Amino acid sequence: NKQVVLKGYVDGTPKETDLELKQSILSSLTAPEGSSALLVKNLFLSCDPYMFRRMRQFYGSYIPPFVPGQPIEGFGVARVIDSDDPEFQPGDLISGTTRWEEYSLIRKHEQLRKIDPQLDVPLSYHLGLLGMPGFTAHAGFYEVCSPRKGETVLVSAASGAVGQLVGQLARLHGCYVVGSAGSSKKVDLLKNKLKFDEAFNYKDERDLNAALKRYFPQGIDIYFDNVGGEMLDAALLNMRMNGRIAVCGMVSQHGHSDPRGIHNLYNLISKRVKMQGFLQSDYLNLFPKFVDHVVDHYRKGNITYIEDLSEGLESAPAAFIGLLSGKNVGKQVICVARE
Ligand code: NDP
């Protein structure tokens, strides 16, 4: 059973060499007394920025660190091979927490879901558009941002797994949407494929405050923040009265032990801005509604979704670390096997 394991806890910016490929023997299907287990074949694995935090020993978060020597844990799509739970039969497709290996023995957990074949979307979409990132976009936009038609919206890491859906939902809601991303290729996708009103490459801007003033002469009503740091600081300066900031993630901060670049928090007070952090898992009761809403728009052609598929478990370390330099164009997924 080929695996990708964490070599040891990471200090500083995570690197490809912090992960290694290993061979191991698959343990037999024995669940602890009172719990059920599933033996699954992993098909698609998700690379998500929150996983960088789990590479550190101490980071004070909502989920424990990875265990060195053990395969990386993360969201995946898999096929059930064997199960002692009557709810899951061999052959069923599931999405939920699995591990970076060919076959996994997994326990039942809150976000383990049977995939409905009727949905008829590419299987890997259950890690993006219809998975945790898509749900994050949906819950964050509707529940945290309280959007109104005609409002102005800024989305950072806008071509990524979460950002691309936030922007499209905002457009469908009648908002004016600007995305920031880190390459001209991404900017082009945002404007021409994902139908953002405007997009810019933040790496080309010497002064982010000036860039935001250019795109939002009247100011920003909603900032969906995926990156933190300097973009958040510039957005604070440009928020409108009673604006909202959804603090979804701080991917720009993964190499730093202390948050950098924030000087403008006073704007929260002077402009009565509401800034709220959130976790998608707080809103899981809304998951079925999210799937219905997004699938409906997808079928009508109102929503598209860009993925970056990398082939083979061997490609996982590079694909995952690539999130930190923006190598991924769209949702980063690893294809371990197709069936
Ligand atoms: P993406 O698919 O957007 O991948 C990460 C992207 O971040 C890269 O492609 C890169 O894009 C950008 N990036 C990397 N480093 C920097 C930097 N220093 N400054 C600015 N941008 C950078 O990831 P996701 O869509 O999966 O996640 C987006 C955010 O949402 C993350 O912060 C993540 O932690 C958070 N999140 C939060 C959840 C929650 O429940 N609160 C759940 C899921 C995700 P570019 O080329 O544009 O720079």
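1. What distance separates the centres of domain 1 and domain 2, taken over C-alpha atoms? The separation is 28 Å. Domain 1 comprises 2-128 + 307-335 and domain 2 comprises 133-281, with bounds from an automatic or database domain assignment.

2. The model is predicted: local features need pLDDT of at least 70, side-chain atom pairs count only at pLDDT 80 or more, and totals for chains, interfaces and linings use all residues. Residues are numbered from 1 along each chain as its sequence is written, and side-chain values use heavy atoms, with hydrogens and water left out.

3. At the domain interface, 19 residues of domain 1 are in contact with 15 residues of domain 2 (heavy atoms within 4.5 Å). Three residue pairs are in polar contact between the two domains, both residues being at pLDDT 80 or more. A polar contact is a pair of N or O atoms within 3.5 Å; within protein, one must be able to donate a hydrogen and the other to accept it, and residues adjacent in sequence count only if both atoms are side-chain atoms.

4. The ligand is surrounded by 25 residues (a heavy atom within 4 Å), of which the closest are V162, K186, Y202, N226 and N328. Both domain 1 and domain 2 give residues to this shell, so the ligand lies between them.

5. A polar side-chain atom of K186 lies 2.6 Å from a ligand oxygen.
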